Amino acid sequence: APAWLRRLCGHLLSERLLRPGGVHAVVQGVLEGTNSEWGALGSAGAEAAAQDWRKCDAVGKILAACPQQCLSLEDYYRQVCPQLLDLLHIQDKVAALQFQRVATTTLLTMAREQPQLAERLLLQPLLAPLRRCSEAPELALEDLTAGAVLVPEAELGSCVEDVLKVYVVGNDSSSLLLGSLQSVLGVVFSLYSFAKQNVSYLRSPCQDILLWFLQKAEREQSLAVLEGLAGLSSHVPTLHPQCQLRVGSEGGATVVVGEAISDEDEALYQKISWEQCHVESLVELLSHCQKSGLAGDFFIRCLKELTQVAAEDEAAPNPPVEPGGSLLELEQQQARQGRKLLVLQLVAALCEGVSDSVFTDIAQVQEFLAAVLQRACAHPAQGPGAAAEAQTLAMAMGLVAALLGGAVQLKSSDFVVLKRLVPLLEELSRSYPEPLTQELASDLRIAICTHGACSPSTVGAAAHSVLGTPGAAAPSPAGHPSRAPSPSAGRERSQEPRADSRGLAGLQELLLSAYDPQPPSRAAALRRLASLVTQRDPEALRCQEKLLQVFLENMKHEDAFVYLSAIQGIALLSSEYPERILPVLLAQYECPAQGTEDTMAAATRMKLGEVLMRVTRALGDMVFLHREPLIRAFLRGARHPDSALRASSLSNLGELCQHLGFQLGSIVQEVTCCVTAIARTDPEAEVRRAAVHVVVLLLRGLSEKVTEVLQDVLRDLYRLLKHVATAERDAATLLHAQLALEELDAAMRRVLFPPQTLEKKIVVLP
């Protein structure tokens, strides 16, 4: 076109653009007719689509430029920016893609060319609904009445979708966009946690927004944001304390001003529940960031924070609060205690949720090991948590030994990274109070410095304990080198089954390893013994009483990995020989060993209860043969003074009744009387809860045969459930009672109103 025509067309478009609704009119006029091109097939359709996207980008760049007719750039932005945000809300699905592309391109171009104006006139209005409910200092909600709607459901959902379109789909990771989004990430994370607990369409867009920021931001910025989301820092403004999220009628969420809770216990319960939900949501979010290494870096940062917390505890275990002290000092002490608990909760959740593949390279493994070793150097295992600290250190040093022993093919650059551990290992070899740990630290330092060329026998033994070879012995008590094989032989033995493990010598070696002082070696031996029982090894079957004794003794171990392995072994042994093993277990369950403390005896009986329930599941219908002794044992446990054991026994009783079903017989009278008495009179809520849960499992197990088996006690159970529903204050117990009433209602409806079935009969007339 000639120059005069281009100038005239540009002048006419600019005039129309500056009128009310001009942005929508200009975009619609320029893009009109392109939708039909999308219906073309083959390469022509793809070319038309690409040309259409180029046209959208060109229109967006034109809108971002201030026309000559406009006297002020700020006036132009004030007039155009609200119309740009309206383009994100076009309802027509076909046209919405093009309008969204134009709006996003224009917004990103404005943010690059005029960042201050774009932030004030575009980004702040875009994020206004989320900012309105954050804990920013400019917000004052005291004047609003409780229950007032702060952000309606439609506005909040539209805001989250707009943020997704502009930030995630636009995919421009400039500092302006990242900074503006960081100011509302706390509210987005609260929405994500809320949506996880409820059925809401906001969960997916909130997760995409959070993951996009964590991937696009610098690593330190992402880690700082994660700390803020976890509650360890104030880098991210979170949801205002007076704001509450409620489920919307359209599957979204509404932000309202919450009511003040007068009951301190209820307020504390809600606070702890909300923090637990936040931690679980954070762990799930990090499970999507493992390949990038962000989850590993955050895990290491939490471990370093845990080391700092331990240092503060050692410096001042319980700083006294003077009677005349200020309220500020008391609040600061409570904040420190809360931070310690939060760090412990985070580390525990991360270990459980993402620890299996959290580290992506040797550098992260080195940082993790350095954090553990530094903590051991600064605070040797002492006091009530000494056993756990020693186990953690043993696992860390075993991991170093496993790396040096061939679990991973190390390169020369990897040894450069591992050499950062040498000063810590040297300090451990000098200052740690345990001689065996000193010797292993010294040997590991030698192996690292020589790139594995000189690897003492203690390194091979530690590597075996981690790689799961039960025959590997730990360093001898006298401090002399053990008889462990060389690292190369250890690698071969860790990959191939032991040739003599099925013989008497191999079995005796496994039995000795089951008493190894190192928990990993002990647990590995117990697992191997359990597998021999499963394989019906002749030597193992001949000494089943010895195996049972070994499993029972290890079941009392404080390490969870050890006693769970022992529980698995007892369950397998009992399911193979129930007539011989079950009487022994029932006798110990009913009469624990003399001389043990009440707490320890109760814990042991609860572990035995878990064994009995595993055996019950394994026996299936054959559990009927052992019905009476099992029920009698659990009924006696339900009368124990320890509330945890009472609740555990009732839980086991309910599961057993569910398995037995119609085979309960007349013993149902005893079960009903016990459950009724406990649900009405027990002072502990968890025990009453377990008693009502027995009724739920009983009804669920009988299903169609409820009226036949429970015909004599059905009325008593119904009255019990109605009593609990009206008189009980515990929310979980009420929920169990409601579930039981629903099960009973469904069963009675099936009896009174059987489903109508249509049958087709063919009669042959004579």
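1. The model is predicted, and local features are described at pLDDT of at least 70, side-chain atom pairs at pLDDT 80 or more, while totals for chains, interfaces and linings use all residues. Residues are numbered from 1 along each chain as its sequence is written, and side-chain values use heavy atoms, with hydrogens and water left out.

2. Strand β3 covers residues 253-257. Helices (H or I, at least four residues) and strands (E, at least two) are DSSP runs numbered from the N terminus. Because 5 of the 5 residues of β3 are buried, β3 is largely enclosed by the rest of the structure. Buried means under 20% relative accessible area, exposed over 50%, and partly exposed in between, with a 1.4 Å probe and protein chains only. A253, V255 and V257 point one way from β3, T254 and V256 the other way, and all are buried.

3. β3 pairs with two strands, where pairing requires that DSSP finds at least two bridges. Strand β1 (residues 149-151) runs antiparallel to β3 over 2 bridges, with V149 having V256 as its bridge partner. Strand β2 (residues 243-247) is also antiparallel to β3, over 5 bridges, and V247 stands opposite A253. β2 and β3 form a hairpin with 5 residues between them, and G251 in the turn has a positive phi of about 90°.

4. Helix α23 (residues 519-534) has 16 residues, and its end C-alpha atoms are 23 Å apart, which agrees with the 22 Å that should be spanned at 1.5 Å a residue. The expected span of a helix is 1.5 Å times one less than its number of residues. Since 13 of the 16 residues of α23 are buried, α23 is largely enclosed by the rest of the structure.

5. R536 is not a glycine, yet has a positive phi of about 55°. With 46% relative accessibility, R536 counts as partly exposed.

6. N171 also has a positive phi, of about 60°, although it is not a glycine. N171 sits in the loop between α7 (153-169) and α8 and is partly exposed at 41% relative accessibility.

7. S183 lies in the loop between α8 (175-182) and α9 (185-197). At a relative accessible area of 19%, S183 is buried. The S183 side chain reaches the backbone oxygen of S180 at 2.6 Å. Leaving out residues up to four places away in sequence, S183 touches R131 and P237, contact meaning heavy atoms within 4.5 Å.

Methods: A polar contact is a pair of N or O atoms within 3.5 Å; within protein, one must be able to donate a hydrogen and the other to accept it, and residues adjacent in sequence count only if both atoms are side-chain atoms.
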